[in-house]
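The stops below go from a whole chain down to single residues.

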Amino acid sequence: MGGASRREARLGQMAGLDDTDRRLIELLRGDGRMAFRALADALGLTESAVRARVRQLESSGAMKVVAVADAEAVGYELLLVVGVEVDGRPALEVAEALARIEEVFSVSLVVGTHDIELLMVARDHEHLAELVTDRLVNIPGVRRILTGLAVDVLKNQPDWVPFDD
Amino acid sequence: MTKRRLDEVDRRILDHLVRDARTSNRRIAEVLGVTEGTVRARIRRMEDEGQIRITAVTNIRKLANPALAFIRVEVERGSHSRAVAEALARDPQIGFVGIMVGGFDILAITMVQSAEQLSAFLHANVHAIPGVRHVECSLGARFVKHDYRISRIVACGTTPERQNA
């Protein structure tokens with residue numbers, strides 16, 4: 001319950017949402033395919049009012065209902081986090097080059113231990129070796145990488161993600 | 001431990017859901033030439049087995065100064081990585097926890113909105129966990145890519161809303 005209320009606090013920081021919008025988002029976080037009629041009953045609204053709210057939340061770029069596929073179920077056995085140190089080239093250029101690799105699903109410019117943090121998947125060890133030794137380290141500007149392989153993922157619930165409006 | 005891979009019908013249903021996660025079962029059934037019951041049962045099975053997750057995500061770009069913090073934790077020799085990782089996973093503010101091999105023991109990812117908030121969070125929520133020896137952190141300055149369509153879906157006690165539903 002603490003998790004839900006803390007997220008509510010963050011939803012409160014989004015401009016233009018009222019309480020009903022926030023409750024609607026929480027319901028859709030729990031079940032993204034909940035029927036419009038069930039949502040209407042839960043919120044005490046008409047079905048058409050709920051449809052209009054969902055459309056408005058999506059078109060304003062505040063919320064999206066998405067289908068997320070499990071990496072393993074679609075054939076990726078390995079999940080890696082790679083910290084990248086950059087030298088001799090703007091970090092943004094290097095990050096954009098890394099982002100073009102399909103298996104790299106998250107790229108952030110960071111400050112701290114590294115210059116770029118990326119998350120990637122690989123089908124198996126052979127594929128991993130190919131991605132890291134043939135592709136990653138050959139991108140100009142990549143000076144050094146620190147690779148960590150996830151042996152067990154205990155939690156992965158990204159409710160907040162960047163997307164373009 | 002290993003998840004069932006999606007078959008051809010699952011994948012074709014997933015293709016529709018990736019484009020629009022709220023497309024009706026009837027519409028998907030019409031296009032694929034299967035019954036509505038098949039579509040409903042397949043989606044339910046994929047969700048129950050943790051192969052897909054259909055959920056609302058909110059746009060991190062709508063918050064003030066959002067930044068991902070990548071927290072690498074080294075555990076005291078003789079301590080159990082799993083116990084520390086479980087403590088981190090129970091924290092509702094942390095979105096990702098993985099036990100890793102390669103230079104550090106655990107990776108945790110959280111979202112913060114200032115360096116001050118990160119510093120307070122590390123002190124109170126990470127260093128305070130027994131067994132944590134050393135923490136290194138990278139703070140996100142800019143998102144370059146985040147593909148929310150792929151993830152490692154984990155079934156554990158971290159989605160209270162869903163368990164109540």
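Start with A:S108, which stands opposite B:F143 in β5(B). Keep in mind throughout that this is a predicted model.

**Stop 1: the interface.** Now select the residues of each chain that touch the other. In chain B, 71 residues are in contact with 68 residues of chain A. Which element of chain B gives the most to the side that touches chain A? It is strand β5, residues 132-146, with eleven residues. Colour that side of chain B by residue class: 38 of its residues are nonpolar, 17 polar and 16 charged.

**Stop 2: chain A as a whole.** Chain A has six helices and six strands, and along the sequence they follow the pattern α-α-α-α-β-β-α-β-β-α-β-β. Is chain A spread out or compact by the globule rule? Its radius of gyration is 20 Å, well over the 15 Å that the rule gives for 165 residues, so chain A is more spread out than a compact globule. The C-alpha trace of chain A spans about 55 × 35 × 30 Å along its principal axes. Colour by burial next: buried residues make up 39% of the 165 residues in chain A. Among contacts in chain A between residues at least 6 apart in sequence, 55% join residues at least 24 apart.

**Stop 3: a helix with one buried side.** Select helix α2 of chain A, residues 19-30. At 1.5 Å a residue, its twelve residues should span 16 Å, and its end C-alpha atoms are 17 Å apart, which agrees. Show side chains for the buried residues of α2(A), namely A:L24, A:I25, A:L28 and A:R29. They cover an arc of only 140° around the axis, which puts them on the same side of α2(A). An α-helix has 3.6 residues a turn, so residues three or four places apart point the same way.

**Stop 4: a loop residue in chain B.** Bring chain B back and select B:N65, found in the loop between β1 (52-59) and β2 (67-75) of chain B. Phi of B:N65 is near 45°, a positive value in a residue other than glycine. Is B:N65 buried or exposed? B:N65 is exposed, with 9 other C-beta atoms within 10 Å; the cut-off for exposed is 12 or fewer.

Note on methods: Residues numbered from 1 in each chain as written. Chains lettered and ligands numbered in written order. Predicted model: local features only at pLDDT ≥ 70, side-chain atom pairs only at ≥ 80, totals over all residues. Contact = placed C-beta atoms within 7 Å. Helix = DSSP H or I, 4+ residues; strand = E, 2+ residues; numbered from the N terminus. Nonpolar A, V, L, I, M, F, W, Y, C, P; charged D, E, K, R; others polar. Pairing = 2+ DSSP bridges. Rg over C-alpha atoms; globule rule 2.2 N^0.38 Å. Buried ≥ 20, exposed ≤ 12 C-beta atoms within 10 Å, placed from the backbone. Expected span 1.5 Å × (residues − 1). Arc of directions from axis to C-beta.
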